[in-house]
Amino acid sequence: MKGAIRLVAWCLAIALVVLPIAGVLSGWFAADRWPVTQLTVQAEFKHVSVDQVRAAVQPRLGKGFFALDLDGVQKAVAALPWVESVEARKRWPDTLLLRIHERQPFALWNGNKLISRQGMVFDAPNADVSAGLPDLRGPDARLAEVVSFYAETQKAFANTRLKITGATLTERGSWSLTTDSGAQIAIGDREQAGRRLRRFLDVYPQLMAGHSTGFAYADLRYTNGFAVRWPPQAPAAVNAGGSPRT
């Protein structure tokens, strides 16, 4: 009986000590206690502006240091078009620190979107960054395949005067390439692409002999050869035999 009374007494004593502390801490961690009023941002600021970051973060500033939701801040900033990732942390007593990594554009996608170097497709409204970027086109579900095919053709044409600037995959599965001069190269299905490109590149030096300008169109979808169309001022079309195939 005495042991039970002693236990109750200890519980009451602990409660009398803890409750005042809890009250103090409650005030300490209150939402309006130690408001965050300073913002420090580390970023390249090539495509992301200070004003954009401030607008995304402003509604969350002014709250107490301990009440500030860093996850919410990160999500708000990460929603900006050019933000690849963001790190957020607090510095006592009133500062929010942000480190922003911008997306690095790798290529255009279907004419109105961009692909980052991390393989993410994103919108970049009012951004004039298309100059010099490869123009890749195809079904969204086959993005990785289009990027891979473009990389393969870059290697295949590395030792030629041709510079591949675009690759297209149609809904029917037919491939084509674009060069920096605007010439089109029709290839057809992927299974035959490697063989057809090698056949074309094997005779490309002889094909271009005596031509100061490049071809306008090359159709590699032939059984035993390919067809080339030259610009109007150049010699007539050359047909290497067979009938075109897809």
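Student: Which residues of α4 are buried?
Tutor: This is a predicted model. In α4, the buried residues are Leu143, Val146, Phe149, Tyr150 and Thr153.

Student: Where do those buried residues fall, seen down the axis of α4?
Tutor: They fall within an arc of 130 degrees, so they line one face of the helix.

Student: And which exposed residues does the face turned away carry?
Tutor: Ala144 and Lys155 are the exposed residues on the face of α4 turned away from its buried side.

Student: What span should α4 have at 1.5 Å a residue?
Tutor: Helix α4 covers residues 143-156, so its 14 residues should span 20 Å. Its end C-alpha atoms are 20 Å apart, which agrees.

Student: New topic, the sheet. What is the strand order?
Tutor: The order is β1-β3-β2. The sheet is open, has three strands and shows mixed pairing.

Student: Which strands stand at the edges?
Tutor: β1 (38-42) and β2 (83-91) do. Each has a single partner strand, so one side of each is left without a neighbour in the sheet.

Student: What does the twist average?
Tutor: From one strand to the next, the twist averages 20 degrees.

Student: Do β1 and β3 pair in the parallel or antiparallel sense?
Tutor: Parallel, over five bridges, with β3 running over residues 95-102.

Student: Which residue in β3 stands opposite Gln42?
Tutor: Arg99 stands opposite Gln42.

Student: Which helix packs on the sheet?
Tutor: Helix α3, residues 70-78, packs there. Helix α3 touches β2 and β3.

Student: What angle does α3 make with β2?
Tutor: The direction of α3 makes about 150 degrees with that of β2.

Note on methods
Residues numbered from 1 in each chain as written. Predicted model: local features only at pLDDT ≥ 70, side-chain atom pairs only at ≥ 80, totals over all residues. Heavy atoms only, no water. Helix = DSSP H or I, 4+ residues; strand = E, 2+ residues; numbered from the N terminus. Expected span 1.5 Å × (residues − 1). Buried < 20%, exposed > 50% of the residue type's maximum accessible area, 1.4 Å probe, protein only. Arc of directions from axis to C-beta. Pairing = 2+ DSSP bridges. Axes fitted to C-alpha atoms, helices over the stretch in contact; angles between N-to-C directions. Contact = heavy atoms within 4.5 Å.
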